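Welcome! Please take a look at the structure below, and then we can walk through a few of its features together.

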Amino acid sequence: MNNSGLVKMYKEAKKLGTKTSLDLAAISENSEAADTDWVDVFRKLMPYVDYFVPSVEELSFLIDRERYHEWVKRADGRDITEIIDWETDVRPLAESLISWGAKTILIKCGIQGMYLRAENNEADSEWNDVELFERSYKAEKFCSGTGAGDVSIAAFLTAALEGYPPERCAQLAAGAGACCVTAYDAVSGLIPFDQLIGKIDNR
């Protein structure tokens, strides 16, 4: 599979001064996409991605498949995110991405929370030397997980573009995800940032 077009698209977007983000999707181990040299793709792509927001399973499968298979074995039928440790399992993935030129990485770790790492940002020193893990928030009720990951990322990107500091961006991402699961669709449970911040600060 040739991903040169993907890299070219991100290069062109950066030439225009556009902020860029990239999420991933799960792929089958038997698919053509699984045979792509994703490490090579990400080495070329990361310098042009401002916000990289994958899930931990998707990311590990693509850039460290041996680690991913070890997780599957360790999980023994459970959700992978139940058994991973952010320092020993997630941080090494982020370290690789940073070494390839990634600027801001938010890795979704399911029920455990989200890992935020930011480096290589020449435009905003506040987004350098950042590393934190934001634990998932307990939802007031649970109806459905539909869209929770996407909602979390949307909240994170909105907060970052509106100038919120990194820690608050991660909090808003986790908080939006917790709000999302209180409804059966992806939007009915959401509340404005000012209300969400109030809930976060008073939790």
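## The largest pocket

In this predicted model, helix H7 provides the largest share of the lining of the largest pocket, four residues. Strand E4 (113-118), helix H6 (148-161) and helix H7 (166-180) each give at least two residues to that lining.

The volume of the largest pocket is about 560 Å³. It is lined by 24 residues, and those closest to its centre are Gly110, Ile111, Ser136, Ala148 and Gly149.

## Salt bridges

The count of salt bridges comes to 12. One of them pairs the side chains of Lys14 and Asp50, at 2.6 Å from N to O. These partners come from distant parts of the chain, 36 residues apart: Lys14 is in helix H1 (residues 4-15), while Asp50 is in the loop between helix H2 (38-45) and strand E2 (51-52). Lys14 is partly exposed at 25% relative accessible area, and Asp50 is buried at 6%.

Within helix H2, Asp40 and Lys44 sit four residues apart, about one turn of the helix. Their salt bridge has its closest N and O atoms 3.1 Å apart. In helix H4 (residues 65-75), Arg74 and Glu70 are likewise separated by about one helical turn. Salt bridges with shared partners join Glu70, Arg74 and Asp89 into one network.

## A buried charge

Key:
Residues are numbered from 1 along each chain as its sequence is written. This is a predicted model: local features need pLDDT of at least 70, side-chain atom pairs count only at pLDDT 80 or more; totals for chains, interfaces and linings use all residues. Side-chain values use heavy atoms; hydrogens and water are left out. On a 1 Å grid over the protein atoms alone, a cavity is a set of points where a 1.4 Å probe fits but cannot get out, and a pocket is an open set with protein on both sides within 12 Å along at least five of seven lines; lining residues have an atom within 4 Å of a point. Grid points are joined across faces, edges and corners, and a volume is the space filled by probe spheres set on the points. A salt bridge is a side-chain nitrogen of Lys or Arg within 4 Å of a carboxyl oxygen of Asp or Glu. Buried means under 20% relative accessible area, exposed over 50%, partly exposed in between (1.4 Å probe, protein chains only).
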